[in-house]
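Let us learn to read a structure, one feature at a time.

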Amino acid sequence: MAEPERRLRPAPLLFEPSEAATDPEHFFDLESIEDPQELLARATELTLAFRAAQERAVEFQALAAAQLADPRRFDRLSPGAIAEQAEWTEDYARKMIEFGESLQRGAGPDAD
């Protein structure tokens, strides 16, 4: 029996205080790290965390698109309407709807 795919659990994204967020030189306190080894390690953790967050967000976008396009909904949206709302092309919206449908069926992104 195949093991389920394990998701990376990167370092958590730390809260950015509003004062720090307005400072263009401030980014998750990386500018204050003087040791290059430590800087590389923390920057890598952040890169992995952002990458994982982006992948999860895309999955949720796809699920939402599939739900909005579901023909069983009386208020379903067309791929064009979904594309407009999400600022996508209509072709990309169709692909996201298909991806979301595959996620709903329990298929992974590489299942086709």
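**Reading the folds and contacts**

Q: At what angle do H3 and helix H4 pack?
A: Two packed helices are described by the angle between their axes and the distance between the axes. Here H3 and helix H4 (residues 90-104) pack at about 105°, and their axes are 8 Å apart. Axes are lines fitted to C-alpha atoms, for helices over the stretch in contact; angles run from 0 to 180 degrees between N-to-C directions. H3 is therefore roughly perpendicular to H4 (under 35 degrees is roughly parallel, over 145 roughly antiparallel, 65 to 115 roughly perpendicular, the rest oblique).

Q: Which residues make the contact of H3 and H4?
A: From H3 come Pro 79, Gly 80, Ile 82 and Ala 83. From H4 come Glu 90, Ala 93, Arg 94 and Ile 97. Contact means heavy atoms within 4.5 Å. By kind, the residues of the contact of H3 with H4 are five nonpolar, one polar and two charged. (Ala, Val, Leu, Ile, Met, Phe, Trp, Tyr, Cys and Pro count as nonpolar; Asp, Glu, Lys and Arg as charged; the others, Gly among them, as polar.)

Q: What should I know about the model itself?
A: This is a predicted model, where local features need pLDDT of at least 70 and side-chain atom pairs count only at pLDDT 80 or more, while totals for chains, interfaces and linings use all residues. Residues are numbered from 1 along each chain as its sequence is written, and side-chain values use heavy atoms, with hydrogens and water left out.

Q: How many helices and strands are in the protein?
A: The protein has four helices and zero strands. From the N terminus on, the order is α-α-α-α. Helices (H or I, at least four residues) and strands (E, at least two) are DSSP runs, numbered from the N terminus.

Q: At what angle do the axes of H2 and H4 cross?
A: Roughly 95°, and the axes come within 7 Å. H2 and H4 are therefore roughly perpendicular to each other. On the H2 side, the residues include Val 58, Leu 63, Ala 66 and Ala 69. On the H4 side, they include Met 96, Ile 97, Phe 99 and Leu 103. The residues of the contact of H2 with H4 divide into ten nonpolar, four polar and two charged.

Q: Where does Leu 77 lie?
A: Leu 77 sits in the loop between helix H2 (36-69) and helix H3 (79-86). Leu 77 touches Leu 68, Ala 69, Ile 82 and Gln 85, leaving aside residues up to four places away in sequence. Leu 77 and Ala 66 are eleven residues apart in sequence, and their C-alpha atoms are 9.6 Å apart in space.

Q: Is Leu 77 buried, partly exposed or exposed?
A: Leu 77 counts as partly exposed because its relative accessible area is 26%. Buried means under 20% relative accessible area, exposed over 50%, partly exposed in between (1.4 Å probe, protein chains only).

Q: What percentage of the residues of the protein count as buried?
A: Of the 112 residues, 22% count as buried.

Q: How many aromatic pairs are there?
A: A pair of aromatic rings is described by the distance of the centres and the angle of the planes. Rings of Phe, Tyr and Trp (its six-membered ring) pair if their centres lie within 6.5 Å; planes under 30 degrees apart count as stacked, over 60 as edge-to-face and the rest as tilted. The count here is four aromatic pairs. One of them joins Phe 27 and Phe 28, edge-to-face, at 5.0 Å centre to centre with 80° between the planes. Phe 27 is partly exposed at 41%, whereas Phe 28 is buried at 13%. Trp 88 and Tyr 92 have ring centres 5.2 Å apart and planes at 80°, so this pair is edge-to-face. Trp 88 is buried, at 18%, and Tyr 92 is partly exposed, at 36%.

Q: Which residues do ring pairs link into a cluster?
A: Phe 27, Phe 28 and Phe 50.

Q: What is the phi of Asp 29?
A: Phi of Asp 29 is near 65°, a positive value in a residue other than glycine. Asp 29 lies in the loop between helix H1 (18-21) and H2. Asp 29 is partly exposed, with a relative accessible area of 40%.

Q: Where does Glu 87 lie?
A: Glu 87 is in the loop between H3 and H4. Glu 87 has a positive phi of about 60°, although it is not a glycine. At 75% relative accessible area, Glu 87 is exposed.
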